[in-house]
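Let us walk through this model from its domains down to one helix, then out to the neighbouring chain.

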Amino acid sequence: MTWTRKDLLGLEELTQEEIELILNTAESFKEVSSREIKKVPALRGKTVVNLFYEPSTRTRVSFEVAAKRLSADVINIASETSSVRKGETLIDTGKNIQALKADIIVMRHNYSGAAQMLARHLDISVVNAGDGWHEHPTQALLDIFTLKEKLGRVKGLRVTIVGDIAHSRVARSNIWGLTKLGAQVTVCAPKMLIPVGIEQMGAIISHDIDAALKDADALNVLRMQFERDEGAAFPRQMEYFRNFGITRDRLEKASKNIVVMHPGPINRGIEMSSDVADGKNSVILEQVTNGIAVRMAVLFLVAQGRDQAGEAR
Amino acid sequence: MKILIKNGRVVDPANKIDEVLDILIDNELISKISKDIKIQGAKEINATGKIVMPGLIDMHVHLREPGREDKENIFSGTKAALKGGITSVLAMPNTSPAIDSIENVKLLSNVIKKTAQANVFIAGAITRERAGKEITPVAKMKNIGIVAITDDGASVDDDNILLKAFKEAKAAGIPVICHSEDKKLSNGGVINLGFVSTKLGLRGISRESEYKRIERDIELACKAAAKVHIAHVSCKESVEIIRKAKKKKIKVTAETAPHYFSLTDEAVVGYDTNMKINPPLRSSEDKEAIKAGLKDGTIDVIASDHAPHTENEKDIEFDRAEFGVIGLETELAVAITELIENKILDWGGLVEKLAVNPAKILDLDRGCLSLGQPADIIIISPQEEWVVKKEELTSKSKNSAFLGRKLKGLVDTTILAGKIVYQRKQ
């Protein structure tokens, strides 16, 4: 199959085949990062703009490295330093970037749906690097890529996602992606962190981490943000760690080969203990490495998809 | 001038009329209704195959003047109303300044006198600046023309203040219109709380935030033995609460808006900010409950909650966009498309919701075609299909939830006090 989309906005709208195409493309790009000269000319002459409305080092750097390894030119715009602060609308900012003849905008935004809105108004490609609580497709893709690499398959795997599901774009994208590829997803959290109707996205709900760990092939631990002001019902940090924190003791009762992931940055001792983060089951740093390959694949494919759309017009 | 409307199906439920008749208008008033009226020198309108009904009364309209004339003003809003077959509107007081004092009622009355193209009735605020703290001079404002009080857009949180307001409204003989929303429960939400809000990653507004507040509003009204009208009912529990209150003979009336019986939160998928409305579009279960409430009379009124906003306020991130949609020009057609076509209401029932009941609730001498009445009359083509297009809207703002939708029923002629004030181009 060939990729025909100019944008990557989320995993909800992708087919199983499209997701597999990204993963396969990423596999072929992974080797580039282990070469002595870590560069291929796939996007030579293309311009990628990282437009970040939320502070993010990890995702932005990952996209930047990915674009550079494809020989693209990269420009970084952070909302604190741009005309956004002067009140420019997102659409105007996007149109200005388009007028600079950039080819791809990689956007992180604190509002859900911002990437969709931008993509609708522009002819150039938009890659969603996380929008509000909605989706973070490349994070889920690199999680799935890592799982597949470690366990040899995705279909039939049992994956538990633990943490603040309600406010997590990583959880949503993972649920869409994993279920489309035939994995079984359990989301585990205190009641108030499980959003209404999440089971309709295909996830199983659990409030008992020990039970949710028991048969899991993989565990994805989300970052907890206790600074979130969600009122009195939000769990306290110590209470959360006691009931849901991932510790060595807890993990010992799970499968010996369970794969432990975390999208980073880790709050050590809050959602997982250090001995788990650094332990033998952890693939957290491999996720970071794989993130480059997955983002190379995404940038490469959307550029191709836009060219095709251009020809079709 | 005399106008003779020939051979139209006259639907006038206030007088229990639904048959093909002629109507003669003489000197601004309805002078005769019968079969085969023959008269010299009258302007004749052939209404064969058409429906003739009282001009509609929309009791929930934001005309934005004074203060936000870039969104809408009295002139443009009433022009849009006439196109939609609406000859009378109730202007909501959440303007800038709010209609919360004698001076501001006078200010607004003056603008209405100068520029209104339709009848504009005024709702005063319940509290100063709609802040929920200090009650406005209700009786004095009533004396210079307000017909209801409401803090629409906000709910009076303090029970004692609302109770006092109910008592004053009762003494003044006017209803209190409640925007029933507990903002602590709606919690900064932007769409209905449910699967769609979860999927889109948007903060949800629970149904509780509406129906719990309706329960309280009815309870306090009951205590004061005052008339309460619940604005924009959107969910099933609310319908049930109002139904029960009516069974207990409590003086409660209620309205819903066309979007609540035609759309659900599924319409928000894609983050269309024209679907961002407060209260939010709910689930299909709620939509069906609203229809059932209209059918059994629990919901008395259909009102547009016409809420114009500029493109700058809508063409932005969903969370930042303003709440609200325009509705004057689509209200009747959406009602016909959803309610007449699906046999939820008959024509008489529809006119009750759109004219008779609003007139009763606001105590207006309108909404019927009785002899001697001011001739506010509309003539419509009930079968005519049309598509809602941005460029064809009269309202200053274009934030319709029905853009691109095919609807049934078009207004051909709007007559206000015996004058043809709108005529569709054919």
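Chain A is split into domain 1 (16–136 + 291–312) and domain 2 (137–287); the bounds come from an automatic or database domain assignment. The model is predicted: local features need pLDDT of at least 70, side-chain atom pairs count only at pLDDT 80 or more, and totals for chains, interfaces and linings use all residues. Residues are numbered from 1 along each chain as its sequence is written, while chains are lettered from A and ligands numbered from 1 in the order in which they are written.

The centres of domain 1 and domain 2 of chain A, taken over C-alpha atoms, lie 26 Å apart. Their contact involves 19 residues of domain 1 and 21 residues of domain 2 of chain A. Two residues are in contact if their C-beta atoms, placed from the backbone, lie within 7 Å. On the domain 1 side, α1 (16–30), β4 (125–131) and α11 (284–312) of chain A each supply at least two residues. Helices (H or I, at least four residues) and strands (E, at least two) are DSSP runs, numbered from the N terminus. By class, this side of domain 1 of chain A has 8 nonpolar, 7 polar and 4 charged residues. Here Ala, Val, Leu, Ile, Met, Phe, Trp, Tyr, Cys and Pro count as nonpolar, Asp, Glu, Lys and Arg as charged, and the others, Gly among them, as polar.

Now take chain A as a whole. It has 11 helices and 9 strands. Its radius of gyration, 19 Å, is close to the 20 Å that the globule rule gives for 313 residues, so chain A is as compact as a globular protein of that length. The radius is taken over C-alpha atoms, and the rule is 2.2 Å times the number of residues to the power 0.38. Of the 313 residues, 49% count as buried, meaning that 20 or more other C-beta atoms, placed from the backbone, lie within 10 Å of a residue's own.

Next, zoom in on one helix. α6 of chain A (residues 169–180) has 12 residues and reaches 17 Å from its first C-alpha to its last, close to the expected 16 Å. That expected span is 1.5 Å times one less than the number of residues. Of the 12 residues of α6(A), 11 are buried, including Arg169(A), Trp176(A) and Lys180(A). Gly182(A) follows α6(A), with a positive phi near 90°.

Finally, look across to chain B. There, 17 residues of chain B are in contact with 20 residues of chain A. Helix α6 (residues 195–200) of chain B gives the largest share of the chain B side, 4 residues.
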